[in-house]
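Visitor: Hi! Could you walk me through the charged side chains here?
Guide: Happy to, let's take a look together.

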Amino acid sequence: MSESDPPVVLIVEDEPDVAETYKLWLQGDYEVRMGQNGDEGLELLDESVDVVLLDRMMPGLSGDEVLSEIRKRDLGCRVAMVTAVEPDFDILEMGFDAYLSKPIRSEQLHDTVTNLLERSEYDSMLQEYYALVEKQATLEATKSSAELAESDQYATLTEEIAEMREGLDDTLGGIEDDDDFIATLRGLSNGEEE
């Protein structure tokens, strides 16, 4: 993405009405491309795409398979799964950056795309940290406390986040909580742009 060109958002969604709605919400701020299935989405995917909004359940190539192919191509774009599929612990194996449960609102979609574009400016360790925190938040929003407490995968995820946070905290200096942490990161990012 150059400074003069709008960021490119690729919508991969098999329901035309839903895809058109997302396009209408985003087209004023972004260049929007639309693929009606996984194969079409992959054809439209290139190094100019900044964010992919990917439906998880589609006929033919599934969203999970498209996501895997996106990561194989190593294009550096951010991917948000936008889906009616209830998230389960299998999301821990998936390489997405955000998970939105349908139905979604315009403001929620805009916020997600904005956050993913900001994350693209952070280094890879911070991006990995954000991706893990996103997975933790998704599971905490949909699983009971008992389910989380019984999951070894969730415990491992929590440990990974704590270890990564400790490493980042040492690098960035004394940070009290997540809001402070995120504000510090955004401040660093803004400072680098000046």
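Visitor: How many salt bridges does the structure hold?
Guide: The structure holds 11 salt bridges, a salt bridge being a side-chain nitrogen of Lys or Arg within 4 Å of a carboxyl oxygen of Asp or Glu. This is a predicted model, where local features need pLDDT of at least 70, side-chain atom pairs count only at pLDDT 80 or more, and totals for chains, interfaces and linings use all residues. Residues are numbered from 1 along each chain as its sequence is written, and side-chain values use heavy atoms, leaving out hydrogens and water.

Visitor: Which residue does R78 form a salt bridge with?
Guide: R78 pairs with D97, and their closest N and O atoms are 2.8 Å apart. R78 lies in strand β4 (residues 78-83) and D97 in the loop between β4 and β5 (98-101), so the pair ties together parts 19 residues apart in sequence. Strands here are DSSP runs (E, at least two residues) and helices too (H or I, at least four), numbered from the N terminus.

Visitor: Is R78 buried or exposed?
Guide: R78 is buried, at 9% relative accessibility. Buried means under 20% relative accessible area, exposed over 50%, and partly exposed in between (1.4 Å probe, protein chains only).

Visitor: New topic: what does UniProt say about D55?
Guide: The unreviewed UniProt entry annotates D55 as "modified residue: 4-aspartylphosphate", though annotations may be inferred rather than shown by experiment. D55 sits in the loop between β3 (51-54) and α3 (63-73) and is buried, with a relative accessible area of 4%.

Visitor: Which residues are linked with D55 in a network of salt bridges?
Guide: E13, E15 and K102 are linked with D55 in that network.
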